[in-house]
Amino acid sequence: MALSGCGGSDQTSSASSGGASPGTAGNRVVLISRQDPGSLDYTKSLQTALLNWIPGNVVEPLLSKDDNGEVGPGLADFEVNPERTEYTFTIGDNSFSDGSKITASDVVFSLNTMKESPIANWASAYTQVSSIEELDENRVKVTLKQPSQAFIQGMTSVPGLIQPEAAFDGIATNPIGSGPYVLAEYVQNSRILLKANPHYAGEKPAIEEAEIRIITDGAAALNALKSGEADEIGRAHV
């Protein structure tokens with residue numbers, strides 16, 4: 001039972017029950033969140049309940065990072081000048097979950113939005129950024145005042161999440177991205193429902209549907225786990 005993720009810190013716990021779990025038999029998993037995120041706008045929030053489920057699962061960062069911490073291509077490949085002050089990102093043939101193609105305009109909008117984020121953890125990745133510009137439909141150039149590991153590392157995590165500019169107004173309740181899952185439903189203080197993204201460019205996830213039940217009471221959450229109503233508490237890690 002593994003979902004991807006870029007953020008969050010909750011540890012996953014589980015307990016065996018006498019019967020089969022509610023999710024694994026049908027490529028479905030039921031998880032428990034002890035916190036309601038309140039808003040799904042990751043550009044303005046760092047709530048654990050939000051970071052556990054949206055980054056990585058629904059919205060992907062511009063670049064990737066392997067198990068050894070090496071930065072590599074993600075939604076885009078990149079080239080950097082010898083001084084490491086100019087990064088040119090070339091966007092691959094990827095689409096958002098709504099079927100729209102990811103363009104340079106979306107990347108510029110996303111990076112500028114994070115650059116201006118009120119969350120210092122996100123905006124700090126852009127401290128050395130002097131400009132973010134669209135070169136053409138598929139290429140974006142970011143110019144730095146001086147080399148910055150914070151910037152390039154940020155492009156593999158929450159500060160580098162890419163969203164469609166056209167859908168930004170609905171981000172608080174319906175963030176859209178290019179990840180392996182699409183947000184099917186969010187009911188405050190009740191549940192978050194993720195379903196496999198039919199437009200995902202990568203390998204299809206083994207878990208086709210994940211229901212995250214929001215149960216803030218610790219005893220009730222543990223009872224749901226022990227009774228077999230849920231598979232795990234916290235985040236399912238890769």
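**Before selecting anything**

The model is a predicted one, in which local features need pLDDT of at least 70, side-chain atom pairs count only at pLDDT 80 or more, and totals for chains, interfaces and linings use all residues. Residues are numbered from 1 along each chain as its sequence is written, and side-chain values use heavy atoms, with hydrogens and water left out.

**The whole chain**

Show the protein as a cartoon, and you will find 5 helices and 11 strands; helices (H or I, at least four residues) and strands (E, at least two) are DSSP runs, numbered from the N terminus. Of the 238 residues, 47% are buried, where buried means under 20% relative accessible area, exposed over 50% and partly exposed in between, with a 1.4 Å probe and protein chains only. Among contacts (heavy atoms within 4.5 Å) between residues at least 6 apart in sequence, 65% join residues at least 24 apart.

**The sheet around strand 1**

Select residues 28–33, which are strand 1, and note that 5 of its 6 residues are buried.

Now widen the selection to the open sheet, whose 5 strands follow the order 8-9-10-1-11 with mixed pairing. Strand 8 (181–187) and strand 11 stand at the edges with a single partner strand each, so one side of each is left without a neighbour in the sheet. Strand 9 (residues 191–196) pairs with strand 10 in the antiparallel sense over 5 bridges, and Arg-191 stands opposite Arg-213 in strand 10.

**Helix 2**

Move to residues 104–115, helix 2, where Ser-110 has its place. The end C-alpha atoms of helix 2 are 16 Å apart, in agreement with the 16 Å that its 12 residues should span at 1.5 Å a residue, the expected span being 1.5 Å times one less than the number of residues. Because 9 of the 12 residues are buried, helix 2 is largely enclosed by the rest of the structure. Its buried residues, including Val-107, Phe-109 and Met-114, pack against strand 5 (86–91), helix 3 (120–123), strand 6 (129–136) and strand 7 (139–144). Ser-110 counts as buried at 1% relative accessibility, and, leaving aside residues up to four places away in sequence, Ser-110 touches Leu-161, Ile-162 and Gln-163.

**The aromatic rings**

Finally, display the rings of Phe, Tyr and Trp (its six-membered ring), which pair if their centres lie within 6.5 Å; planes under 30 degrees apart count as stacked, over 60 as edge-to-face and the rest as tilted. The structure holds 7 aromatic pairs. Tyr-87 and Phe-89 are stacked, at 6.2 Å centre to centre with 15° between the planes, and both residues are buried. Tyr-126 and Phe-151 are edge-to-face, at 6.2 Å centre to centre with 70° between the planes; this pair links distant parts of the chain, with Tyr-126 in the loop between helix 3 and strand 6 and Phe-151 in helix 4 (residues 149–154), 25 residues apart. Select Phe-78 together with Tyr-87, Phe-89, Tyr-126 and Phe-151 to see the cluster that ring pairs link.

Key:
Pairing = 2+ DSSP bridges.
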